[in-house]
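Please examine the structure shown here while reading the explanation that follows.

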Amino acid sequence: MFGSFLSGVYRRSLLASTILASLGSVGLNTPSNAQQSASPNLLPPIRIAPPPDRTTDSRPPSHRAASRSRRAARSAPRQPPITETPVPGTMGSTVVSPTGVVTPARQLASSITIVTEKDIQTQQYRTVPDILRTAPGLNVLQAGGPGAQTSVFMRGTNANHTKVILDGIDIGDPGNANGAFDYAHLLAADIQQMEILRGPQSGLYGSDAIGGVISIITKKGEGPPRATASIESGSFKTFNQTLGLSGSEKNFNYAVNVAHLHAGDVPVTPPELLPPGRQAIGNNYDNMTYSTKLGVDLNENLTVNSVVRYTDATLLFTGDGGFPSTPNATQSTHAVQQLFNREEAVWSLFDGRVQSYFGVNYTNSRGYDAGPGSPVTTTTGERLKFDWRTVAEIARDNHLVFGAEHQTDRIDTTDLAAKNGNKAGFIELQSALANRLFLVANVRQDSNDLFGERMTYRVAPAIIVPITETKLKASYGTGFKAPSLSQLFRDFPTFNFFANRNLKPEDSRGYDAGFEQPLFNDRVRFGSTYFHNDITNLIDYNATFTSLVNVNSATTEGTETFVSAQITERFGIRADYTFTRAVNAATGMQLLRRPKEKWSATATWLPLDALTLSATVLRVNDWIDVTRDGSISGIVAPGYTLVNLRGDYAVNDQVKIFGRIDNLFDARYQNPTGFLAPGLAIFGGIRVASYGVR
């Protein structure tokens with residue numbers, strides 16, 4: 001039944017789409033809240049900087065230095081110096097998503113994977129699904145090539161149990177059926193850092209964060225004006241381009257980016273599903289994404305930030321029709337227009353020890369679907385959120401975070417207009433003792449107009465053991481997933497199916513415990529984490545299949561293990577292994593589309609200063625699935641192994657040429673069943689910059 005929705009989301013009746021989406025396999029987000037700044041100062045500024053303008057600033061040097069210090073404090077709370085580590089991993093990085101405060105990853109108990117801009121450029125990721133495929137604890141399903149419906153299962157939880165945030169904006173679509181996010185249209189060209197935070201996070205983030213949070217932070221302008229551009233072509237009639245301009249001047253920073261991704265002919269339909277004599281038609285996808293990120297220091301204590309992102313994407317794909325269903329002879333159309341916006345003011349007091357963030361978020365997502373013999377449908381989801389958060393440094397390395405939010409979600413379709421409101425307040429303590437013992441504890445109270453009150457919390461201690469430097473970590477947290485507006489209000493009387501206005505949120509309790517061990521001055525690091533989640537009140541059909549009710553429960557558990565090593569100054573490698581057991585708690589049956597085992601390894605080599613080579617191996621073992629039309633359930637889908645190669649060469653400081661090979665050995669597999677994944681593909685291109693090409 002999970003696969004039925006995926007295979008029919010763009011081409012079946014609205015009833016089938018809505019009902020099957022409610023089961024949590026794929027779909028798109030519900031009321032939820034994010035505790036992040038639009039423009040966190042995660043990375044140190046670049047070294048190239050213009051000299052101070054002494055003609056316009058006549059203050060003494062000491063006064064100018066104090067002003068710069070106060071402006072820096074508004075971007076991030078004071079932290080001790082961070083020692084960067086050469087080994088692949090996360091211990092030397094800073095993150096914001098686990099606590100809402102920019103923090104060295106070594107101080108946190110959270111299970112988190114960090115993907116930087118450098119990683120994205122080295123691995124030549126073009127979309128967010130590309131980035132997520134090798135991440136530990138995740139299973140990514142994409143119904144075909146670029147632009148096809150994409151869902152992510154984190155630690156065995158449902159696809160609608162992960163919150164997605166972009167620059168502090170919850171970008172889930174209230175107009176979608178069950179609240180699962182579709183990652184297909186997120187391009188990677190302007191990403192500075194991605195943080196994949198695993199485990200229940202509702203104590204800080206509210207609804208949807210049962211499995212975890214995926215936070216995307218886009219590039220912030222720094223230094224002299226810098227122009228960038230790239231062009232790429234290759235298999236499947238691919239033609240991609242990017243264009244960017246960024247920098248900072250006195251009290252103003254700016255970043256403007258345009259990205260275009262086009263894949264004109266991607267084979268998706270398995271030949272054995274086609275009627276005799278019918279030729280398969282490849283998917284055609286086109287995506288234009290425009291983004292801006294601006295910041296202004298109005299004075300020594302007040303900064304304003306703005307983020308605007310707009311995506312216009314169209315997918316032409318082969319749907320199904322008839323009974324029994326077969327792929328159609330003509331293509332269907334799925335188009336989306338997405339607007340994500342955050343306006344933010346940051347007020348800093350006491351030399352940055354107290355910072356208050358005031359934000360207004362607005363998202364608008366419009367989906368258009370048309371297929372042969374089916375009526376045209378449009379659905380609009382809209383979210384407006386006001387938030388306030390204050391970070392107070394009560395002692396060195398000890399922060400108190402508290403805030404409040406008010407959010408309104410709306411859905412508008414041809415047969416439904418509905419809305420829901422949510423208010424929330426939260427408080428968090430982030431503490432450190434002697435740079436060895438760390439604790440994060442938070443609690444949050446949500447008050448929803450439709451389902452009432454929900455309190456959630458999380459406690460996460462970590463300790464660095466002296467002498468061995470072993471990091472021991474653990475966390476325990478609760479989470480919930482609110483019913484979507486469609487599940488609550490959308491009736492289909494023609495099919496004798498009705499919404500349930502009395503649905504309750506899905507609830508969870510989860511914990512994890514693990515360790516990380518550095519060796520040889522942190523040139524080698526390995527670790528493992530055990531996780532366990534119990535989820536209740538899962539939304540499913542009632543006994544007569546006429547509505548939805550809270551009836552199911554599930555248990556997910558497993559381990560995430562990694563090892564990374566910087567063998568030489570020019571050669572490094574990282575490997576991850578995930579084991580997941582995800583079952584129906586009542587029957588013990590394995591849940592759909594959760595492979596038990598997944599492992600990946602990535603090696604990077606710099607044979608020359610200007611040349612970077614990389615290779616990745618990804619292995620996903622078999623899983624339980626359904627057929628493309630959903631008529632047969634419980635089938636075993638075979639696993640697959642992928643080998644990808646990457647290379648780039650810097651001609652000089654302004655020009656870099658690059659190439660990549662995906663699926664080197666042309667592995668033929670379907671993920672999910674009924675949808676071919678792309679085979680062997682070769683791409684190449686050139687990237688230029690006015691200086692410092694990356």
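How many residues lie between β26 and β27 in the hairpin that they form? The model under discussion is a predicted one, and in it 6 residues separate these two strands. Within the turn, Phe-545 has a positive phi of about 60°.

The pairing of the hairpin may now be considered. Strands of a sheet pair through backbone hydrogen bonds, and they may do so in a parallel or an antiparallel manner. Strand β26 covers residues 524-541 and strand β27 covers residues 548-568; the two run antiparallel and are joined by 16 bridges. As a point of reference along this pairing, Gly-527 is found opposite Phe-562 in β27.

Strand β27 also has a partner in strand β28, which comprises residues 571-584. Here too the strands run antiparallel, with 14 bridges between them. A hairpin is formed by β27 and β28, with 2 residues between the strands. In this pairing, Gln-566 stands opposite Gly-572 in β28.

Attention may next turn to another part of the chain. An open sheet is built from 5 strands, arranged in the order β3-β8-β9-β6-β7, and its pairing is mixed. At the edges are β3 (111-116) and β7 (169-170), each of which pairs on one side only. Strand β8 (residues 191-198) and strand β9 (residues 212-218) run antiparallel, and 7 bridges connect them. Gln-193 has Ile-217 in β9 as its bridge partner.

Technical notes:
Residues are numbered from 1 along each chain as its sequence is written. This is a predicted model: local features need pLDDT of at least 70, side-chain atom pairs count only at pLDDT 80 or more; totals for chains, interfaces and linings use all residues. Side-chain values use heavy atoms; hydrogens and water are left out. Two strands pair if DSSP finds at least two bridges between them. Helices (H or I, at least four residues) and strands (E, at least two) are DSSP runs, numbered from the N terminus.
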